Amino acid sequence: MQVREVRLALIGLGNVGRNFLKILEIKEERLREQYGLTFSVVCVADSSGVAVDAAGFDPATVRACKERGGRVADLPGFRPGVTAGAIAATLACDLVLEASPVNLAHGDPGLSVARHALGRGIPVVLANKGPLVLAFRELHDLAAAHGAGLAFSATVCGALPVINIGRRDLIAADVTLLQGIFNSTTNFILAEMAAGRPYAAALAEAQVRGIAEADPALDVEGWDTANKLVIIANSFLGVEITLSDVAVQGITDLTPAQIEEAASRGSVVKLLATAQATAEGYRFSIAPAAVEQDSFLGRCSGWEMGVEIHSDLYGKMYHKIWEREPLPTAAAMLRDAVNLLAK
Ligand SMILES: NC(=O)c1ccc[n+]([C@@H]2O[C@H](COP(=O)([O-])OP(=O)(O)OC[C@H]3O[C@@H](n4cnc5c(N)ncnc54)[C@H](OP(=O)(O)O)[C@@H]3O)[C@@H](O)[C@H]2O)c1
């Protein structure tokens with residue numbers, strides 16, 4: 001098989017970015033032999049800035065540097081004063097992977113990175129939801145105008161391929177109800193609270209495991225779940241919505257007594273994302289709700305996330321994942337990259 005070298009830029013070297021580097025290390029041979037691809041990491045970025053090496057950084061060396069608490073500013077090839085957005089405007093590369101924190105105010109650095117890369121015809125894979133939540137249509141128009149691929153299956157429920165299923169496998173469907181548990185940090189906290197553990201201790205564990213958002217308010221106040229519902233709506237429910245179209249309530253006001261009361265009725269409290277079709281169009285909401293313990297979503301517990309999709313053509317679908325560390329999310333970025341490169 002002919003092997004193609006793919007020069008990639010990796011923006012964000014946190015839990016997801018470092019796991020992506022790990023996958024390049026452990027799957028190097030498989031990617032070359034089965035998919036005809038070798039990845040050369042020509043650019044990396046973290047909050048200290050950007051480093052470039054046209055010959056490619058060794059993924060293990062970069063990962064070890066970050067795991068020791070090092071910074072991109074310590075790497076050879078560091079470009080002082082250059083931002084991730086600026087490098088995406090000039091870098092010679094074939095693919096950009098974006099895994100920096102969500103910023104719902106201005107979207108950067110992810111939004112600038114995506115705009116510059118797509119505007120130059122360079123395919124982009126996002127784990128970061130922010131750019132899509134703020135500029136879904138703009139980024140897709142840019143990608144189409146410049147013939148660049150844009151993939152983001154890692155943005156919704158980690159490695160659970162909700163976006164892929166919705167776009168590829170629900171052809172011509174009218175979705176009547178989509179309901180899910182999209183945030184494993186809150187799902188874990190709720191399960192631990194039901195078992196008597198304090199809220200703060202459960203949140204701290206989710207942070208240590210690298211599952212919580214950099215700003216955990218996004219998780220517990222429901223915005224991370226809302227971001228995912230906005231991405232789903234725009235990508236396969238056929239409606240262009242923003243966060244202002246979603247009624248959002250998180251779990252911060254829930255008390256142990258409310259959780260106990262639900263349990264006494266055979267129910268369990270979940271942070272549910274709902275897109276309900278009505279005669280006037282979809283109604284979108286994020287809110288804690290008591291569901292029967294024995295239902296599909298009631299049985300999505302702890303580190304699990306799940307989605308239930310009812311449609312006119314495809315019956316009722318139920319999909320779930322158990323994901324306790326960010327490796328599967330990093331793998332979802334790999335699958336997106338390989339699928340885009342195959343086109
Ligand atoms: N963790 C998950 O399970 C998961 C699942 C699905 C999607 N996601 C999404 O994936 C993205 C990354 O998540 P994560 O858990 O890896 O986050 P994280 O651990 O907080 O890592 C974020 C990375 O981005 C870097 N960064 C911050 N500001 C930057 C800037 N201005 N320019 C370039 N890099 C910058 C950080 O630098 P430093 O290293 O210097 O701090 C860090 O390396 C987020 O958008 C998140 O929503 C995460």
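**View A. Helix 1 against helix 3.** Helix 1 passes helix 3 in a left-handed crossing. This, like everything in the views below, comes from a predicted model. The two axes come within 9 Å, and the crossing angle is roughly 150 degrees; helix 3 covers residues 59–67. On the helix 1 side, look for Arg18, Leu21, Lys22, Leu24 and Glu25; they meet Pro59, Ala60, Val62, Arg63, Lys66 and Glu67 in helix 3. Sort that contact by class and you get six charged residues, five nonpolar ones and no polar ones.

**View B. Helix 1 against helix 13.** Here helix 1 shows up again, with its axis coming within 8 Å of the axis of helix 13 and crossing at roughly 65 degrees. Angles of 65 to 115 degrees count as roughly perpendicular, so that is the label for helix 1 and helix 13. The crossing of this pair is right-handed. Helix 1 brings Val16, Asn19, Phe20 and Ile23 to the contact, while helix 13 brings Leu327, Thr329, Ala330, Ala331, Met333 and Leu334.

**View C. The shell around the ligand.** How many residues surround the ligand? There are 30, and the closest are Gly12, Gly14, Asp46, Ser47 and Asn128. Helix 1 (15–26) and strand 2 each supply at least two residues of this shell. Helix 1 gives the most, with three residues. By class, the shell around the ligand splits into 14 nonpolar, 12 polar and four charged residues.

**View E. Strands 2 and 3 up close.** As a reminder, strands of a sheet pair through backbone hydrogen bonds, either parallel or antiparallel. Which way do strand 2 and strand 3 run? They run antiparallel, with five bridges joining strand 2 (residues 37–46) to strand 3 (residues 49–57).

**View F. Strand 11 and its two partners.** Strand 11 (residues 281–292) pairs with strand 9 (residues 246–248) in the parallel sense, over three bridges. One landmark is Ala247, whose bridge partner in strand 11 is Ser285. With strand 10 (residues 267–278), strand 11 pairs in the antiparallel sense over 12 bridges. A handy landmark for this pairing is Val269, which has Ala290 as its bridge partner in strand 11. Strand 10 and strand 11 form a hairpin, and two residues lie between them.

**View G. Helix 6 beside helix 11.** Helix 6 (residues 130–146) packs with helix 11 (residues 223–237) at an angle of about 25 degrees, and their axes are 9 Å apart. Angles under 35 degrees count as roughly parallel, so helix 6 and helix 11 are roughly parallel to each other. Their crossing is left-handed. Leu132, Val133 and Phe136 of helix 6 make the contact with Asn227, Val230, Ile231 and Asn234 of helix 11. The contact of helix 6 with helix 11 holds five nonpolar residues, two polar ones and no charged ones.

**View H. Two backbone details in loops.** Zoom in on the peptide bond from Asp108 to Pro109: the bond is cis, with omega near 10 degrees. Where does Pro109 sit? Pro109 is in the loop between strand 5 and helix 5 (110–119). The other spot is Cys157, which has a positive phi of about 60 degrees although it is not a glycine. Cys157 belongs to the loop between strand 7 and helix 7 (162–168).

Methods. Residues numbered from 1 in each chain as written. Predicted model: local features only at pLDDT ≥ 70, side-chain atom pairs only at ≥ 80, totals over all residues. Axes fitted to C-alpha atoms, helices over the stretch in contact; angles between N-to-C directions. Helix = DSSP H or I, 4+ residues; strand = E, 2+ residues; numbered from the N terminus. Parallel < 35°, antiparallel > 145°, perpendicular 65-115°, else oblique. Left-handed = near helix turned anticlockwise from the far one by under 90°. Contact = placed C-beta atoms within 7 Å. Nonpolar A, V, L, I, M, F, W, Y, C, P; charged D, E, K, R; others polar. Pairing = 2+ DSSP bridges. Near = placed C-beta within 6 Å.
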